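Thanks for coming. I will go through a few local features of one model, and please keep the viewer open while I talk.

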Amino acid sequence: MADDYLVRIGKLIRDARQHRGWTQAQLAEALGTSQSAVNRIERGNQNISLEMIARISEALDSEIVSLGYAGPMHLRVVGGRRLSGAIDVKTSKNACVALLCASLLNKGRTVLRRVARIEEVYRLLEVLSSIGVRTRWINDGVDLEIVPPAGLDLEAIDAEAAVRTRSIIMFLGPLLHRMDRFKLPYAGGCDLGTRTIEPHMIALRRFGLDVAATEGQYHAVVDRSVRPDRPIVLTERGDTVTENALLAAARHDGVTVIRNASSNYMVQDLCFFLEALGVRVEGIGTTTLTVHGVPVIDADVDYSPSEDPVEAMSLVAAAVVTESELTVRRVPIEFLEIELAVLEEMGLDHDRSPEYFADNGRTRLVDLTVRPSKLEAPIDKIHPMPFPGLNIDNVPFFAAIAASAQGKTLIHDWVYDNRAIYLTDLNRLGGRLQLLDPHRVLVEGPTRWRAAEMMCPPALRPAVVVLLAMMAAEGTSVLRNVYVINRGYEDLAERLNSIGAQIETFRDI
């Protein structure tokens with residue numbers, strides 16, 4: 001029995017190490033032991049103490065064994081510090097998850113460069129691995145290799161991982177080409193009713209896919225006789241809806257026209273990736289996409305997703321609220337031009353480098369230097385629009401920026417039912433935000449931020465906004481249970497510390 005436990009613990013340690021992208025030698029170095037000792041531990045051939053398990057857990061930032069309740073991760077923030085220097089923008093979270101789903105189209109080997117090491121990606125990798133897809137981190141854990149099996153085992157799907165990611169909905173487009181019947185867990189753990197999935201279904205029914213959402217699962221049936229015989233008009237210009245339609249069209253033997261398509265950054269990256277697979281896509285960057293499908297895709301492809309404009313906006317906002325001079329490098333300028341225009345109107349002092357191309361050879365980047373500025377509230381309200389309008393995910397950052405400006409700013413977050421409510425958490429830190437209704441909040445500035453201890457909002461971008469305000473507040477703040485931030489940002493605390501922040505990661509004992 002003891003030997004069996006050692007083998008199981010060893011496998012958990014091996015999986016956690018590979019998940020982090022480390023070799024046995026790297027883990028050995030972190031533990032101050034030998035590579036052969038790590039090898040014995042992972043094979044279950046060495047007794048291991050609770051102290052050593054705890055050390056391994058800390059080194060890999062993974063709960064290897066849970067004794068009772070495994071405490072969530074928290075952040076302790078010493079605020080009032082100025083940021084300085086330069087920081088690079090990481091690759092796009094939303095592009096990376098779309099490309100992971102798109103890899104199911106390909107029978108060949110897919111390599112994605114500089115993939116975001118975030119919880120949302122980890123959950124998708126767990127799902128892919130559970131159905132037979134071989135994934136591994138290569139090149140010192142920087143890049144990701146994906147090799148599909150001949151057949152997928154959806155009966156073995158990791159449902160727990162699947163319901164923790166909303167991206168599972170984008171499996172529908174690729175899977176309809178691989179099997180006639182299949183089941184998937186509900187996306188995001190929510191009971192996604194007609195309103196949520198219907199835009200996807202309107203597009204995918206044109207390829208013969210019929211889905212019934214019952215008993216916590218999507219039950220999908222494909223009618224091969226159904227083909228899109230006229231342009232598909234999306235009823236919602238959504239990013240994931242457009243991506244699902246593209247994924248379905250990519251292996252359709254014919255030409256598919258998609259109208260009212262999103263032209264946002266993650267959709268463009270998906271189009272560039274499909275072109276690398278041999279699928280011709282016309283109209284990239286517009287609201288009408290024409291896809292020349294390829295019924296069989298078997299290609300060894302190497303692709304570099306572009307940088308994340310929402311992370312770039314996060315870093316610009318960090319500089320603004322902490323009154324810092326900071327250079328944000330590798331900013332995808334095409335997807336931040338409206339935001340910068342609004343900030344210029346508010347009085348932001350900044351400059352930008354000449355444009356250059358991202359590693360995908362298509363996305364335009366700049367280096368952006370932000371300086372301390374005396375901001376005034378904008379004349380017009382802040383509200384999102386589909387690209388090329390102000391990005392929906394960038395709206396929350398304007399709450400912290402507006403709180404740093406002189407005057408009153410109306411923020412109208414019309415897309416989401418509850419997200420504006422979470423922005424009022426800034427009042428705990430000294431903000432003056434008045435909730436007018438579930439979609440509108442009035443922000444009055446400037447703000448004298450103050451330290452506080454609070455729970456992390458359950459929405460990704462408002463959670464980061466709270467963290468930025470804590471960085472501006474004199475004193476020590478605590479932000480509890482930050483899993484939601486780790487879903488969308490890689491090593492955010494550590495990277496902010498590299499430019500002058502003081503943020504400590506900890507767990508309850």
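In helix H6, the buried residues are Glu119, Glu120, Val121, Tyr122, Arg123, Leu124, Leu125, Val127, Leu128 and Ser130. Buried here means under 20% relative accessible area, exposed means over 50%, and partly exposed is in between, with a 1.4 Å probe and protein chains only. Ten of the twelve residues of H6 are buried, so the helix is largely enclosed by the rest of the structure.

Before I go on: this is a predicted model, in which local features need pLDDT of at least 70 and side-chain atom pairs count only at pLDDT 80 or more, while totals for chains, interfaces and linings use all residues. Residues are numbered from 1 along each chain as its sequence is written, and side-chain values use heavy atoms, with hydrogens and water left out. Helices (H or I, at least four residues) and strands (E, at least two) are DSSP runs, numbered from the N terminus.

H6 covers residues 119-130 and reaches 16 Å from its first C-alpha to its last, close to the 16 Å expected at 1.5 Å a residue. That expected span is 1.5 Å times one less than the number of residues.

What comes just after H6? Gly132 does, with a positive phi of about 105°. Val133 sits in the loop between H6 and strand E4 (134-138). Val133 is buried, at 4% relative accessibility. Leaving aside residues up to four places away in sequence, Val133 touches Leu104, Leu128, Ile146, Val147, Pro148, Pro149 and Leu152; contact means heavy atoms within 4.5 Å. Leu128 in that list is also one of the buried residues of H6.

Next, a sheet. Three strands form an open sheet in the order E6-E8-E7, with antiparallel pairing. Its edge strands are E6 (181-185) and E7 (209-214), each of which pairs on one side only. From one strand to the next, the twist averages 20°, with axes fitted as lines to C-alpha atoms and angles running from 0 to 180 degrees between N-to-C directions. E6 and E8 (residues 217-222) are joined by five bridges; two strands pair if DSSP finds at least two bridges between them. Arg181 stands opposite Val221 in E8.

Last, Ser306. Is Ser306 buried or exposed? Ser306 is buried, with a relative accessible area of 2%, and lies in the loop between strand E13 (301-303) and helix H12 (309-321). Its side chain makes a polar contact with the side chain of Asp269 at 2.6 Å. A polar contact is a pair of N or O atoms within 3.5 Å; within protein, one must be able to donate a hydrogen and the other to accept it, and residues adjacent in sequence count only if both atoms are side-chain atoms.
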